[in-house]
Amino acid sequence: MPRRGDCPPESAARRGGVPRKDITMTATRTPTIGFVGLGHMGGAMAARLLADGYPVYGTSRTRQRAQRLESSGLRWRDTPREVAEAAEVVLTSVPDDAALNAVASGDDGILAGLAARKTWVEMSTVSPQASRELARLAAARSATMLDAPVSGSVPQAHTGTLTIMVGGDEIGYARVEPVLRELGRPTRVGANGQGLALKLAINTSLAAQMIALSEGLLLAERSGVDRKLAVQLMTDSPIGSPMLKARAPLVLDLPEGAWFDVNLMQKDLTLALDAGRRLGIPLLTAGIADEVLTLARALGYGHRDLAAVFEVLEQATTPPVAEHGIQTPES
């Protein structure tokens with residue numbers, strides 16, 4: 001059987017006698033993918049699509065990030081515009097609003113290369129208003145832009161088990177749903193910006209969960225309970241969400257590499273707090289989490305995984321005094 005991408009779009013259109021614009025709407029043909037932003041998450045998603053046989057064009061701030069992907073078949077392009085010109089479906093994964101605007105705008109940006117009937121799937125976590133504005137600019141070019149942030153980290157990107165929340169045009173979503181299903185479980189939740197709103201809601205909870213686990217663990221340990229035993233029983237209890245279970249080993253042995261670092265989580269909390277102010281919602285736990293992450297960055301944990309909040313709270317607390325017969329680790 002032929003691999004995905006063996007037949008270029010032009011030859012497929014000639015053989016079937018069908019205009020290329022109709023071919024791109026069919027679910028039986030593999031679209032050409034463009035990927036802008038090949039960092040930890042973007043690179044993992046691009047690798048997944050390459051392994052599944054998709055033809056993938058890509059670019060990133062530095063080509064060094066793409067070397068392993070190029071050895072797996074990635075076709076490098078020097079600018080986001082060139083990626084958009086080469087691909088039918090463009091995916092982006094960048095850190096923040098500023099980075100998104102940088103890859104989207106200008107003569108070398110995605111919008112400059114986004115032709116009619118192409119689809120841009122923006123998978124970063126950025127502000128809903130920035131996404132809606134770019135969707136408007138894409139529509140002015142008769143193209144479609146969807147916001148499709150993901151919940152999950154690099155391991156889920158590699159295994160294709162991300163949760164993907166999509167906001168935007170229903171027809172545009174149907175066009176790219178098969179591609180997104182290679183990466184995880186996509187669900188269209190509504191109009192442009194609403195996928196991002198849901199992602200910010202999720203990350204607000206994730207930060208609060210991680211801090212609550214760390215507080216509880218510190219309470220148990222300072223009361224004399226073995227740390228490993230406490231982590232095991234806490235994550236086996238009703239509070240043991242999939243996120244806490246996955247990060248439990250990182251709490252016990254914080255790695256140098258991060259699945260999702262403190263800086264990025266605080267960026268998402270800032271977006272959530274801004275959205276809360278716009279909507280008149282007092283996001284109390286998000287505000288407390290933001291304070292904890294500010295402390296984490298001050299202590300040098302900005303690029304460490306979110307699980308570092310346990311060490312942050314540990315450093316920020318006063319060593320306990322043994323009393324009532326409780327044997328603390330320090331006593």
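Predicted model: local features only at pLDDT ≥ 70, side-chain atom pairs only at ≥ 80, totals over all residues.

Visitor: Why is Ser127 called buried?

Guide: Its relative accessible area is 4%, and buried means under 20%. So Ser127 counts as buried.

Visitor: What makes the pairing of Ser127 and Asp97 a polar contact?

Guide: Their side chains are joined at 2.6 Å, and the cut-off for a pair of N or O atoms is within 3.5 Å.

Visitor: And Arg117, why is it called partly exposed?

Guide: Arg117 has a relative accessible area of 36%. Buried would need under 20% and exposed over 50%, so at 36% Arg117 is partly exposed. You'll find Arg117 in the loop between helix 7 and strand 5.

Visitor: Over to the strands. How do you know that strand 1 and strand 2 pair?

Guide: Pairing takes at least two bridges, and four bridges join strand 1 (residues 33-36) to strand 2, with the two running parallel. Ile33, for instance, stands opposite Val56 in strand 2.

Visitor: What about strand 2 and strand 3, how many bridges do they have?

Guide: Two bridges, in the parallel sense. The requirement is at least two, so strand 2 and strand 3 (residues 75-76) pair. Tyr57 has Arg75 in strand 3 as its bridge partner.

Visitor: Which way do the residues of strand 2 point?

Guide: Val56 and Gly58 point one way, Tyr57 and Thr59 the other, and all of them are buried. In a regular strand, side chains alternate between the two faces of the sheet.

Visitor: What unit do strand 1, helix 3 and strand 2 make?

Guide: A right-handed β-α-β unit, with helix 3 covering residues 40-51. The hand is read with the strands pointing away from you: right-handed if the path from the first strand over the helix to the second runs clockwise.

Visitor: How far is Val83 from Ile33?

Guide: Their C-alpha atoms are separated by 8.6 Å, though the two residues are 50 apart along the chain. Val83 is in helix 5, and at 0% relative accessibility Val83 counts as buried.

Visitor: How do you know that the length of helix 10 agrees with its residue count?

Guide: Helix 10 has 14 residues, and at 1.5 Å a residue they should span 20 Å. The end C-alpha atoms are 19 Å apart, so the two agree. There is a kink of about 55° at Glu177, shortly before Pro178.

Visitor: What makes Asp169 a cap for helix 10?

Guide: A side-chain oxygen of Asp169 lies 3.2 Å from the backbone nitrogen of Ile171, at the N-terminal end of the helix. The polar contact limit is within 3.5 Å.

Visitor: Last one: which residues have the most contacts inside the largest nonpolar core?

Guide: Met210, Leu217, Met265, Leu269, Leu293 and Val309, in a core of 35 residues. Among the elements giving two or more residues are helix 12, helix 14 and helix 15, while helix 11 gives the most, with eight residues.

Conventions
Residues numbered from 1 in each chain as written. Heavy atoms only, no water. Buried < 20%, exposed > 50% of the residue type's maximum accessible area, 1.4 Å probe, protein only. Expected span 1.5 Å × (residues − 1). Bend = angle between axes of the 7 residues up to and from the residue. Polar contact = N/O pair within 3.5 Å; in protein donor to acceptor, adjacent residues only side chain to side chain. Core = buried A, V, L, I, M, F, W, Y, C linked by side-chain atoms within 4.5 Å.
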